[in-house]
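Please read them alongside the sequence and the model.

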Amino acid sequence: MSKSTVSYLWREPHATRGFPTGVSLHSHTNQSRETLDFIAELSTDYGFLQPIIRWAENRSVQCSGIRPDYLRSYWTPPLTPRLAFELERDQIENALQIAGLVSLTDHDDIAAPLLLRTVASARHIPVSVEWSVPYANESALPGGKPTAFHLGLHNLPSATASNWIARLNAFTETPVAARRAGLLGEILAELDAIPSVLIVFNHPLWDLYRIGAAAHEVLVNDFLALHGQFVHALELNGLRNWAENRAVRALAAQWNQLVISGGDRHGIEPNANINLTHAASFNEFVHEVRRDRISNVLFMPQYKQPWKHRILNSTLDAIRNYPHFPEGSRRWDERVFAPNAHGELRPLAQLWNGGDADGRTPIYLSVVLGAVRLLGRAPVSGSLRLAWNDSSQMRAALME
């Protein structure tokens with residue numbers, strides 16, 4: 001019998017009573033490669049940015065001969081593995097006054113936990129990853145587009161983690177037409193057979209690859225029908241909105257699945273939800289979820305803030321400069337990579353031709369960044385917060 005509880009710290013200030021430990025799941029470090037799709041989304045969500053961004057793209061061609069390639073370009077989150085670990089641990093230990101466990105899950109990469117294991121305070125951090133799983137099933141969606149699901153694979157065995165990540169990435173990179181239909185099931189079955197591994201279906205109802213919400217939901221249900229026996233929980237995502245997370249709870253009930261936390265932090269705001277547990281180690285936590293079928297999700301106060309405002313702030317985190325951070329993470333243009341004239345991926349800081357007052361950022365791009373950053377400043381920020389207030393969704397969630 002599965003037992004999931006969901007609580008909200010601003011409504012239940014004593015929710016942690018009786019729990020000695022909090023667990024932060026699903027957050028990212030500067031080892032993650034993130035797409036630049038958010039630029040297109042910004043120009044869609046904020047109409048006034050569209051002509052500015054188009055103008056900047058044209059200026060890029062004129063000044064450097066390079067047209068922005070959002071498909072190949074990527075950015076990395078600002079926090080180093082150590083800063084990310086400390087941010088998540090400190091929120092639990094300082095704000096909640098309980099012990100903190102942290103599982104960092106970069107996209108298809110385990111460098112962060114391996115690096116952290118050389119630091120005494122993080123020696124026992126689990127080796128975890130967010131695996132990008134291409135998925136298409138013609139029987140479920142004839143003629144439909146393929147998509148991809150993100151699976152949080154927590155606590156891979158240390159001795160074989162590098163072999164696992166090579167195998168997982170080889171599957172991801174194989175063209176859909178050449179992929180054996182049963183191979184995914186074989187991989188998941190092998191992972192499920194390792195008692196210490198936790199498999200979480202991250203943000204299952206987010207149509208991340210924009211194939212259409214209905215088509216995406218068909219494939220989600222198809223995936224759960226074929227492979228749900230190897231999935232240990234569905235994620236309530238700290239960066240997705242109330243309505244989507246309510247739908248995930250309904251989906252979990254439909255498939256007799258637990259729900260579990262996953263903050264999905266990319267910026268400098270700590271995860272907006274965690275798990276409360278009686279476990280003293282990550283192995284014990286996995287046992288509690290997998291064998292005892294218990295999960296206690298706690299939403300932190302930041303989740304109460306309007307969703308669009310939080311997404312905007314996360315975006316702004318990506319284009320801010322952090323002079324006090326380690327070298328290589330301080331400037332936003334050191335964390336964004338794009339093809340040069342020869343198609344080689346390089347940090348933007350190496351691609352500039354002419355700049356603003358600091359001699360580095362092109363003036364046309366400074367205009368774009370200034371327009372976007374304006375959204376995060378008072379009084380604009382406060383006005384947007386009021387306009388985006390989704391308190392009715394919050395009330396509906398609290399009444400469940």
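1. Within β10, Val 259 is the bridge partner of Leu 234. Helices here are DSSP runs (H or I, at least four residues), as are strands (E, at least two), numbered from the N terminus.

2. This is a predicted model, in which local features need pLDDT of at least 70 and side-chain atom pairs count only at pLDDT 80 or more, while totals for chains, interfaces and linings use all residues. Residues are numbered from 1 along each chain as its sequence is written, and side-chain values use heavy atoms, with hydrogens and water left out.

3. Together with helix α8 (residues 242-254), β9 and β10 form a right-handed β-α-β unit. Right-handed means that, with the strands pointing away from the viewer, the path from the first strand over the helix to the second runs clockwise.

4. In a regular strand the side chains alternate between the two faces of the sheet. In strand β10 (residues 259-262), Val 259 and Ser 261 point one way, Ile 260 and Gly 262 the other, and all are buried. Buried is under 20% relative accessible area, exposed is over 50%, and partly exposed lies in between (1.4 Å probe, protein chains only).

5. The largest nonpolar core has 45 residues, and among those with the most contacts inside it are Trp 131, Leu 153, Leu 184 and Leu 234. Another core, of 13 residues, lies apart from it and includes Val 23, Leu 198, Ile 260 and Ala 279. A nonpolar core is a set of buried Ala, Val, Leu, Ile, Met, Phe, Trp, Tyr and Cys residues joined through side-chain atoms within 4.5 Å.

6. An open sheet of five strands runs in the order β1-β12-β11-β2-β5, with mixed pairing. Its edge strands, β1 (3-8) and β5 (99-103), each pair on one side only. β1 pairs with strand β12 (residues 294-299) in the parallel sense over six bridges, and Ser 4 stands opposite Ser 295 in β12.

7. Leu 226 belongs to helix α7 (residues 213-227). Its relative accessible area is 44%, so Leu 226 counts as partly exposed. Leu 226 and Leu 184 are 42 residues apart in sequence and 9.9 Å apart in space, C-alpha to C-alpha.

Note on methods:
Pairing = 2+ DSSP bridges.
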